[in-house]
Amino acid sequence: MTELGPLLERLLAGEFICQISDAEAYRRLQDENTREAINDYLRPLNRRLASNPEASVWFLAWRELDTSARDQLSSQLALTLNSLQPLLEWMQLVQEALGKDAVLAAGDLLKPAEFTLKCEDNASLKDRLQRLANDRFFNSQSDALDNQVKLIFRRLKEHGYLLQPHDDRQYYLVTSKVDYLLDLIRFIRDEENLPIEEETGQQEELL
Amino acid sequence: MAEEAFTSSLVQTGVERLALLGKHAEALMQGYLGEEVDPAAFSESALKKLLAARILWQSDDQSGLKLSHRVRDLLAEMLADEKRRHVNAEVAETLEVLRNLVSAYQEALERGDYLLAEQQQLRLTQEIDDLNNRFTNAIDSLWQRLNSDFGFVSRLNDKIRENERAQKQIARLLDGLELIDFEEWIARVGNQGVLRKLLVSQLQIQVSSHYSSLREVQARLVELLARFRHQQARSLLVQGTLAFLREHPGFQPGNYARRSQVPDLVNLAAPLIPAASVALDQPQDSDQLAALVRQLPKPAASRQSVAEAQATRWPEDERLVARQRALKQEVENFYLEAIDCGSRLSALEYWQEQALQWEAEIWLFQVLAEHQGLPATEQAQLHLIKKEKQASDWNQVWLIEDLQLEWVQPD
């Protein structure tokens, strides 16, 4: 169990484990025996391993849901829902600013400096970035574009959507937590019957 | 002889026309990139030659001068320009040509016209080479597109369309290969060794190699298309959700945490921070712990905290300073007394005699401090003798019991 110690600590601390955030730990989690061992260990802590539908991210869920667990989940869900729009806006902004043809995906490399540069050159992007930075989720107090971008990246790192492989080097990797976010959105869409299409047939209307 | 003359004139014209391409390369490339070629770039005679060589063409007098599609294809092929490269899957036509050539070859052999038969054989080889070349080029073009993730178009929708086009091309190429019926060729060539080698054994190897390459590319294209569709689905989901959220700012979904079955996606257990403290119950750990303690950085006293400490002590300050001054004054009196009396004077005895208010320890400490504060020359004249005692038999710490001061006259 000691060899799984660091992985357990990360899971208990509420981290999402994926191929990007911790390749070795993620590889271990592919093994059903390891997962069982972890679940056995977590049982007295009322926790168990859980993943998104494609199993690209692993995290801890409550095993038994008592009132306090449900309270905690409710308030957490509310927080996540509040963060949905700013996170999606950010994803779209990055996609447009960097001229990518696809939504951010796990493993994409992002450089804040490049992003700042692209936004500086374009009044509309700059404006959107400013509004995004002032959103409560990012809550920037600065007027300087550079600082706003830095803050946004830092906040996303704190929330586990980005990983900074070297503290002293300014580049980030997108983690599979974005997969989780999109899965959650799909789930909400299906539950609430939201008129959001994912099929090609409807794309002209949406574009 | 007529045949030879024809061949030589063919070669001559061919060389001239190839040279035309080189001579007008730049103007022709403009035609490749743009819609039309600028007629002003050519002299009248050059224009005539280019039209005669079908390098350029004009649908009618009013319309502009354009590059012929064959030249365009040639350039696209030479440049591996995947946007324009065509895949020619026309196998039926080639097969018809091959059938005719085989018949002509066999007839020539029957007539004993070996020269003609040889020429027919050469044409046969060329036709088969062409066929192979077309497939090789097509497969090369497909791999190029695949390996660049269809990088020659930028938008995802274009990529999806290009991928679908490539898949249709593969289907046509495979259909073309299906048309080659080796039973037919075996029957046709009979026991003629040369033809059998060309049209049966060699062709069979080549066709099966094309076949497996195409299957491989096809599988990869399907895989890539699935990835493109996945990306597209994500894009649409993000766009659609954002549009929805902007339109419905107060959108509030159900509280999934209150359901009897809470979905895993929502069930995120609260974080726990596993904590541990230094424990001294295991003697074997003590060395390691001691090493850790030694590694601790020494706390650096910050200026700020000193300033704060002074501010909080301020109300007591004056009384303290007064007491300090009184103590210092009485120690000075003791020093004067010692100088006056001319012999050793015990600080403790003086303290008792004068019934001083200070605690003995503080008194001795101040006497010692005063001595250390004197200049070196005066220290040499005023000897301070410490009366010390070991703390206990097992403790090597020396405790000062009394101090004696002696004035030594300078020489």
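This report describes two three-stranded sheets, one in chain A and one in chain B, and the contact between the chains in a predicted model.

**Confidence and overall content**

The prediction carries an ipTM of 0.86 and a pTM of 0.61. For chain B the average pLDDT is 85, and 94% of the residues score at least 70. Where pLDDT is low, the predicted coordinates should not be read in detail.

Chain B contains 14 helices and five strands. Of its 411 residues, 17% are buried. Among the contacts in chain B between residues at least 6 apart in sequence, 56% join residues at least 24 apart.

**The sheet of chain A**

In chain A, three strands form an open sheet in the order β1-β3-β2, with antiparallel pairing. Its edge strands are β1 (17-18) and β2 (47-51), each of which pairs on one side only. Strand β3 of chain A spans residues 57-62 and pairs with β2(A) over five bridges in the antiparallel sense. Within this pairing, Phe59(A) of β3(A) is the bridge partner of Ala50(A). β2(A) and β3(A) also make up a hairpin, with five residues between the two strands. In the turn, Ala55(A) has a positive phi of about 55°.

The pairing of β1(A) with β3(A) is likewise antiparallel, over two bridges. Here Cys18(A) stands opposite Val57(A) of β3(A).

How many residues of β3(A) are buried? Six of the six are, so the strand is largely enclosed by the rest of the structure. Val57(A), Phe59(A) and Ala61(A) point one way from β3(A), while Trp58(A), Leu60(A) and Trp62(A) point the other way; all are buried.

β3(B) runs antiparallel to β5 (residues 398-407) of chain B, and two bridges join them. Ser346(B) stands opposite Gln404(B) in β5(B).

Helix α13 of chain B, residues 360-372, lies across β4 and β5 of that chain. This helix runs at about 55° to β5(B).

| Strand pair | Sense | Bridges |
|---|---|---|
| β2(A) and β3(A) | antiparallel | five bridges |
| β1(A) and β3(A) | antiparallel | two bridges |
| β3(B) and β5(B) | antiparallel | two bridges |

**The contact between the chains**

Between the two chains, 44 residues of chain A are in contact with 36 residues of chain B. Which helix gives the largest share of the chain B side? Helix α9 (residues 193-247) of chain B does, with 14 residues. By residue class, the side of chain B that touches chain A divides into 22 nonpolar, 10 polar and four charged residues.

Definitions and conventions. Residues are numbered from 1 along each chain as its sequence is written. Chains are lettered from A and ligands numbered from 1 in the order in which they are written. This is a predicted model: local features need pLDDT of at least 70, side-chain atom pairs count only at pLDDT 80 or more; totals for chains, interfaces and linings use all residues. Two strands pair if DSSP finds at least two bridges between them. Helices (H or I, at least four residues) and strands (E, at least two) are DSSP runs, numbered from the N terminus. Two residues are in contact if their C-beta atoms, placed from the backbone, lie within 7 Å. Ala, Val, Leu, Ile, Met, Phe, Trp, Tyr, Cys and Pro count as nonpolar, Asp, Glu, Lys and Arg as charged, and the others, Gly among them, as polar. pLDDT is the predictor's confidence in each residue, from 0 to 100. A residue is buried if 20 or more other C-beta atoms lie within 10 Å of its own, exposed if 12 or fewer, and partly exposed in between; C-beta atoms are placed from the backbone. Axes are lines fitted to C-alpha atoms, for helices over the stretch in contact, and angles run from 0 to 180 degrees between N-to-C directions.
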